[in-house]
Amino acid sequence: MEGITEGVKNISVTETQKKNRIQVSNTKKSLFFYVNLSKRYMQQYNEVELSALGMAISTVVTVAEILKNNGFAVEKKIRTLTIDMRDEPGARPIPKAKIEIVLGKTEKFDELMAAEAEQNGDNEEQN
């Protein structure tokens, strides 16, 4: 029975890692879309993994720095790698740079989020 339980734990860990990943594009969404989405993911999963390819890498780094500099996140892991991408099946592989940054909540994350929610509530009442 113990072996089965361990297997189930491993599966759920893998699923959680996938659920808290945000694949960042530098064309589709604004910077603050990713900042706010990252905050929501950290609320839900306690950490978020931001990943990007090529030109979007600078967007991921900027999002991570905004979250860190405002006291919401701490770096847990940064990984860089090169992956082979193909434009179409059968085409030659093109090497692309990839970055993965894992961020965790700071001790004051919940306090900052509550203050932000309160501030947003005040702004809505004024409009």
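Colleague: Is Phe 33 buried, partly exposed or exposed?
Modeller: In this predicted model, Phe 33 is partly exposed, because its relative accessible area is 33%.

Colleague: And which ring does Phe 33 pair with, and how are the two planes set?
Modeller: Phe 33 pairs with Tyr 34, and since the ring centres are 5.3 Å apart and the planes stand at 80 degrees, the pair is edge-to-face. Tyr 34, for its part, counts as buried, at 4% relative accessibility.

Colleague: What sits over the ring of Phe 33?
Modeller: That is the charged end of Lys 29, which lies 5.0 Å from the centre of the ring.

Colleague: Switching to Lys 39, where is that one, and is it buried or exposed?
Modeller: Lys 39 belongs to helix α2, which covers residues 31-45, and with a relative accessibility of 6% it counts as buried, the cut-off being under 20%.

Colleague: What does the side chain of Lys 39 make a polar contact with?
Modeller: The partner is the side chain of Glu 116, at 2.7 Å, while the charged end of Lys 39 also sits over the ring of Phe 72, 4.3 Å from its centre.

Colleague: New topic: how many residues are in the largest nonpolar core?
Modeller: The largest nonpolar core has 24 residues, and those with the most contacts inside it are Ile 22, Leu 50, Leu 67 and Leu 103.

Colleague: Which element gives the most to this core?
Modeller: That is α3, which contributes six residues; the elements giving two or more residues include β1 (21-24), α2 and α4 (109-126).

Technical notes: Residues numbered from 1 in each chain as written. Predicted model: local features only at pLDDT ≥ 70, side-chain atom pairs only at ≥ 80, totals over all residues. Heavy atoms only, no water. Helix = DSSP H or I, 4+ residues; strand = E, 2+ residues; numbered from the N terminus. Buried < 20%, exposed > 50% of the residue type's maximum accessible area, 1.4 Å probe, protein only. Polar contact = N/O pair within 3.5 Å; in protein donor to acceptor, adjacent residues only side chain to side chain. Core = buried A, V, L, I, M, F, W, Y, C linked by side-chain atoms within 4.5 Å. Phe/Tyr/Trp six-rings, centres within 6.5 Å; stacked < 30°, edge-to-face > 60°. Lys NZ or Arg CZ within 6 Å of the ring centre and 35° of its normal.
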